[in-house]
Amino acid sequence: MADTDTTRTVVGIIGNIISFFLFLSPGPTFVKILKAKSVMEFKPDPYIATVLNCAVWVFYGMPFVHPDSLLVITINGFGLAIELLYVSIFFIYSDWSKRQKIIIALIVEAVFMAVLIFVTLTFLHGTKDRSMLIGIVAIVFNVIMYTSPLTVMKKVITTKSVKYMPFYLSLANFANGIVWACYALLKFDPYILIPNGLGTLSGLVQLILFAAFYRTTNWDEDEKEVELSTSKSDV
């Protein structure tokens with residue numbers, strides 16, 4: 001048992017490291033946005049979905065919900081902060097119609113979390129029941145987070161271009177799903193295993209699409225769009 005716990009802790013630490021880079025992997029995308037002072041064709045959907053996902057997992061890891069889950073809290077707490085930063089950048093450089101959608105989405109997420117916390121702490125009094133409820137909710141929103149790139153994947157297939165599907169984000173998603181699935185198997189936790197198994201599959205599909213359409217992607221056109229947007233903002 002001790003060996004299993006130690007192995008699980010080590011795998012969890014590795015999972016934290018990979019997840020850390022997963023949350024930072026969209027960095028190049030946001031460098032482009034900041035340089036162009038425009039969100040161009042990038043979509044905020046994955047980042048908005050991840051905000052709620054991280055918030056739910058932080059709550060899941062609390063001692064009064066699911067004990068012995070410190071590693072779940074640490075990485076998702078960091079993820080929540082960085083995803084809010086990404087959404088803020090999208091908000092700053094989007095037009096008003098897109099800003100309205102972002103505001104509405106964040107308000108809905110905040111209200112949902114408030115209701116979820118209230119119901120859990122008021123009506124459920126044991127960690128087993130609380131873990132089950134929050135675990136099921138976490139699975140649902142983890143699935144949403146992992147399927148949110150479907151809009152981007154559809155664009156990749158129709159345009160035969162991967163310039164708006166960040167490679168490192170897809171790679172990190174794949175690696176992250178594998179490690180956390182292993183973490184869940186060591187001390188069986190279906191609430192962590194199910195969504196991360198799906199995350200592994202989602203990341204794999206994205207990597208396959210990247211390999212399939214890399215050669216048909218017009219990278220020069222992407223650079224011209226950034227330069228054009230920058231020149232317009234200087235006028």
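Guide: Happy to. Among contacts in the protein chain between residues at least 6 apart in sequence, 80% join residues at least 24 apart; contact here means heavy atoms within 4.5 Å. This is a predicted model, where local features need pLDDT of at least 70 and side-chain atom pairs count only at pLDDT 80 or more, while totals for chains, interfaces and linings use all residues. Residues are numbered from 1 along each chain as its sequence is written, and side-chain values use heavy atoms, with hydrogens and water left out.

Visitor: How many helices and strands does the protein chain have?

Guide: Ten helices and zero strands. Both are DSSP runs numbered from the N terminus, with helices being H or I of at least four residues and strands E of at least two.

Visitor: And what share of the residues counts as buried?

Guide: Of the 235 residues in the protein chain, 44% are buried. The cut-offs are relative accessible area under 20% for buried, over 50% for exposed and in between for partly exposed, using a 1.4 Å probe and protein chains only.

Visitor: Where does UniProt place the "transmembrane region" feature?

Guide: An unreviewed UniProt entry puts it at residues 12-34, 46-65, 71-93, 102-126, 132-153, 165-186 and 192-214. UniProt positions are given in the numbering used here, feature names are shortened, and annotations may be inferred rather than shown by experiment. In the model, residues 12-34 are 91% helix and 0% strand, with the end C-alpha atoms 34 Å apart. Residues 165-186 are 91% helix and 0% strand, and their end C-alpha atoms are 33 Å apart.

Visitor: Helix packing next. At what angle do α3 and α4 pack?

Guide: About 155°, with the axes of α3 (residues 45-60) and α4 (residues 70-92) 8 Å apart. That makes α3 roughly antiparallel to α4. For the terms, axes are lines fitted to C-alpha atoms, for helices over the stretch in contact, and angles run from 0 to 180 degrees between N-to-C directions. Angles under 35 degrees count as roughly parallel, over 145 as roughly antiparallel, 65 to 115 as roughly perpendicular and the rest as oblique.

Visitor: Which residues meet there?

Guide: From α3, they include Tyr47, Val51, Cys54 and Trp57, and from α4, Ile73, Gly77, Leu80 and Phe90 are among them. By class, this contact of α3 with α4 has 14 nonpolar, four polar and one charged residues. Here Ala, Val, Leu, Ile, Met, Phe, Trp, Tyr, Cys and Pro count as nonpolar, Asp, Glu, Lys and Arg as charged, and the others, Gly among them, as polar.

Visitor: How do the axes of α4 and α5 cross?

Guide: At roughly 150°, and the axes of α4 and α5 (residues 96-123) come within 9 Å. The two helices are therefore roughly antiparallel to each other. Val87, Phe90, Phe91 and Ile92 in α4 meet Arg99, Ile102, Ile103 and Leu106 in α5. Those residues divide into seven nonpolar, no polar and one charged.

Visitor: Switching topic: what is phi for lysine 37?

Guide: Near 55°, a positive value in a residue other than glycine. Lysine 37 sits in the loop between α2 (27-36) and α3, and counts as partly exposed at 48% relative accessibility. Aspartate 68, also not a glycine, has a positive phi of about 60°. Aspartate 68 is in the loop between α3 and α4, and is exposed at 64% relative accessibility.

Visitor: Last one: is tryptophan 180 buried or exposed?

Guide: Buried, because its relative accessibility is 6%. Tryptophan 180 lies in α8 (residues 167-186). Leaving aside neighbours within four places in sequence, its contacts include Gly12, Asn16, Leu71 and Ile192. Tryptophan 180 and isoleucine 192 are twelve residues apart in sequence and 7.1 Å apart in space, C-alpha to C-alpha.
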